[in-house]
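This report looks at aromatic side chains and their surroundings. The structure comes first, and the description follows.

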Amino acid sequence: KNALDAIEWWSIAAELGDADSQYELGRVYYYGDGVKQDKARAIRYWQKAAMQGQSDARHGLGLAELERCDHDLAVQHWMISAKMGYEKS
């Protein structure tokens, strides 16, 4: 129930343009954490968040590109994320 409550609140905040909520929704949909896995939907949330400067989302986009074997694009996302201060990139 707590996970579903969180997803509901993140959805409301994401609709209002909150980048951190968009990132979190991307994460749960990408990994199927409490929801049915939907990587395309996750990537759309991460893209919205990344366009607002959310570095975790940019890093997630890099992981998604790595999984698709587009190493050049993955590195581009990680370089942007690193410049934004995300240490894991």
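Trp-46 is buried, because its relative accessible area is 1% and the cut-off for buried is under 20%. These values come from a predicted model.

Tyr-23 is buried as well, with a relative accessible area of 15%. How many aromatic pairs are there in the model? The count is four. In one of them, the ring centres of Tyr-23 and Trp-46 lie 6.4 Å apart and the planes meet at 15 degrees, so this pair is stacked. The limit for stacked is under 30 degrees. The pair joins distant parts of the chain, since Tyr-23 belongs to helix H2 (residues 19-31) and Trp-46 to helix H3 (residues 39-51), 23 residues apart.

Tyr-30 and Tyr-31 make another pair: with ring centres 5.1 Å apart and planes at 75 degrees, the pair is edge-to-face. An angle over 60 degrees is needed for that label.

Are these two tyrosines buried or exposed? Tyr-30 counts as buried at 4% relative accessibility, whereas Tyr-31 is exposed, at 51%. The table lists the residues discussed so far.

| Residue | Relative accessible area | Class |
|---|---|---|
| Tyr-23 | 15% | buried |
| Tyr-30 | 4% | buried |
| Tyr-31 | 51% | exposed |
| Trp-46 | 1% | buried |

Tyr-23, Tyr-30, Tyr-31 and Trp-46 together form one aromatic cluster. A charge also comes into contact with this group of residues through Tyr-30: the charged end of Lys-39 sits over the ring of Tyr-30, 4.7 Å from the ring centre.

Definitions and conventions:
Residues are numbered from 1 along each chain as its sequence is written. This is a predicted model: local features need pLDDT of at least 70, side-chain atom pairs count only at pLDDT 80 or more; totals for chains, interfaces and linings use all residues. Side-chain values use heavy atoms; hydrogens and water are left out. Rings of Phe, Tyr and Trp (its six-membered ring) pair if their centres lie within 6.5 Å; planes under 30 degrees apart count as stacked, over 60 as edge-to-face and the rest as tilted. Helices (H or I, at least four residues) and strands (E, at least two) are DSSP runs, numbered from the N terminus. Buried means under 20% relative accessible area, exposed over 50%, partly exposed in between (1.4 Å probe, protein chains only). A charge sits over a ring if NZ of Lys or CZ of Arg is within 6 Å of the ring centre and within 35 degrees of the ring normal.
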